[in-house]
Amino acid sequence: MGVSATIEVETSTPQRTTSEERAIRARRKDFAVRWIWRLLGYVVVLGLWEWASGTVLEENLLPGPSRVFETTFDLIDQGSIVESFRATLTRIGIAITISFFLGAILGILTQNAWLRGFFKDAITIGLTAPGLIWVLITAIVFGNRWYGPLIAIVLTTFALVSVNVAEGIGSLPKDTLDMARAFGVSLFNRNRHIVIPHLAPFLFTGLRFCFSIGWKVTVLTEIFSSSSGIGFEMRIAQTLFRQDELITWILLFFLFALFLEKVVLQFFENRFFRWRKDIATA
Amino acid sequence: MTTHTAPRKTSPRRHTTQAPLIVRFVKSPKFARFLFPWAVLVFWLIGNKLIQDSWDFDSSVLATPREVWDFMWAEITNDTVAPDNVYRTFGISLRRLGVGFAIAMFLGTLIGLGMGLSKAINAFFHDWVMALLAMPALAWALFLSLIFGFDNRGPTIAVILAGIPFVIVNIREGVRSTPRELFDMSGAFNVPRAKTVRHVLLPSLFPFMFAAARYAFSIGWKGLVIAELFGGQDGAGWTMKFWYDAHRLHGVIGYSMFFVILALFIENVVLEPISRRVFKWRPALTGPDVVEEEFQHELDVASGAGTL
């Protein structure tokens, strides 16, 4: 008995490692395949782009990636990049702060059935009307005044926050709240430990949506009614027929916004909500 | 004063039993919804007055609701200052949208199928599709306007580029969610390949294709208007710009309303009945709504790109 048991252990341990190794090897191979194809994707797309500029279309009409890279340094040398980024980011920051609070208040107000009926169409319009409409209207009414773009951005983004806030309030854990009330937990502590931790992820999602739409509207509104910022530089480049500068401006800001949205905001979201596994994976 | 206090005392008791019809009507959410447009109208008029009083605005810059209504009516009855009337304008735009939409659906379905079936193809396209998903239509509009000038190609390509990532993502998701057991079973029972595609792959893919079409349509429509605005010589976007350049706010608002009305019409009157018809055989699911919810998180952020 004892002998056979030891024999079994001896045979089973090397077997297990091999299957594990096989799994690891398969995963490694999978990983390698994925990365090779991913790199290939970059090479092919960038290569096609570089090849197309000068052959399919004139280089002035379609500057290749290398030209865009050079133009980036030209723009840095001119020193207009920092100024434009600062102007646009300030505008986004102010507008999103306003829109966040406005949207949150609206989301709280719509808990009342009558007010929900009242604001229903406002939120539908806010969600579906393209930012272009608000941009053109504010451009005509307010001209180049500094608050025109802000109003356009707020009108395009507020509904996203209110929808998220309303959803968060709707899904508040009623039993936990009831229990807290039954055990005499104070209003402050109830808000501090139940309501706010529950609402935080919804607020965060609202903020992220707000930003991802907000930066696009900001650039658009700067094209029509502003004399500083990325959109303004893009308009100048377009009127002067400088395709390389136009592409460089939009790509720089695109990459920056993607970085903020997908890396910075996502990082904070995952970090704050690590304790909630269902959200942290998103 | 004394007469007023008497009913106030009785009013709470009356509430608990049966409020009068008027009170109940005023307190109903439906009435609130009905009230909203009127509130907007009042807010609009007061806003006009305030802006004119507090700043030294030229009153012709601002539009009154009356002017907007007159403008829209004149457009509908074919009495317009713009080069094309509203029917022709939207006809031109819809034709571009149709062509671009068809190409986007075709190419997007091919790439989406490939990405759903093969990990290598998925890795190849993934980052670029995500980049396209987040790229604002504005970038395409400006870029294409410099390349193609003012003809049909620019706006059409803008529709394709704006719509195609949504088609790809939806189709890929559809392929991934096809029931593997059914494929294995049809393989085990020697069902011919064409029959498997017809009876297993297509029915499970169909809701996703429908969702893809919806997204591609609504986002392509918004992309098209911006592309026409910067690189067109006719169409809805261009006409909006025409009124903008003429500094006629009522024209801009009126055209925006036509634009929103048409989008809502197509969504609710054309697409909604089709989806109800197509998904009649699936009693549990109510069509693309369910499909959209499954990966709402990804698409919600992404469809933000379409707000422009």
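Modeller: The expected span of a helix is taken as 1.5 Å times one less than its number of residues. Helices (H or I, at least four residues) and strands (E, at least two) are DSSP runs, numbered from the N terminus. This is a predicted model, in which local features need pLDDT of at least 70, side-chain atom pairs count only at pLDDT 80 or more, and totals for chains, interfaces and linings use all residues. Residues are numbered from 1 along each chain as its sequence is written, while chains are lettered from A and ligands numbered from 1 in the order in which they are written.

Colleague: What is the span of helix 2 of chain A from its first C-alpha to its last?

Modeller: Helix 2 of chain A (residues 65-78) has 14 residues and reaches 20 Å, close to the 20 Å expected.

Colleague: And how many of its 14 residues are buried?

Modeller: One, and helix 2 of chain A is hardly covered. A residue is buried if 20 or more other C-beta atoms, placed from the backbone, lie within 10 Å of its own, exposed if 12 or fewer, and partly exposed in between. Of the 282 residues of chain A, 36% count as buried.

Colleague: What follows helix 2 of chain A?

Modeller: Gly79(A), with a positive phi near 80°.

Colleague: Which residue other than glycine has a positive phi near 60°?

Modeller: His247(B) does. His247(B) sits in the loop between helix 11 (236-245) and helix 12 (249-278) of chain B, and counts as partly exposed because it has 13 C-beta neighbours inside 10 Å. Asn78(B), also not a glycine, has a positive phi of about 70°. The loop between helix 4 (65-76) and helix 5 (86-117) of chain B holds Asn78(B), which counts as exposed because it has 10 C-beta neighbours inside 10 Å.

Colleague: Changing topic, how many helices and strands does chain A have?

Modeller: Chain A has eleven helices and zero strands. Its C-alpha trace spans about 90 × 65 × 30 Å along the principal axes.
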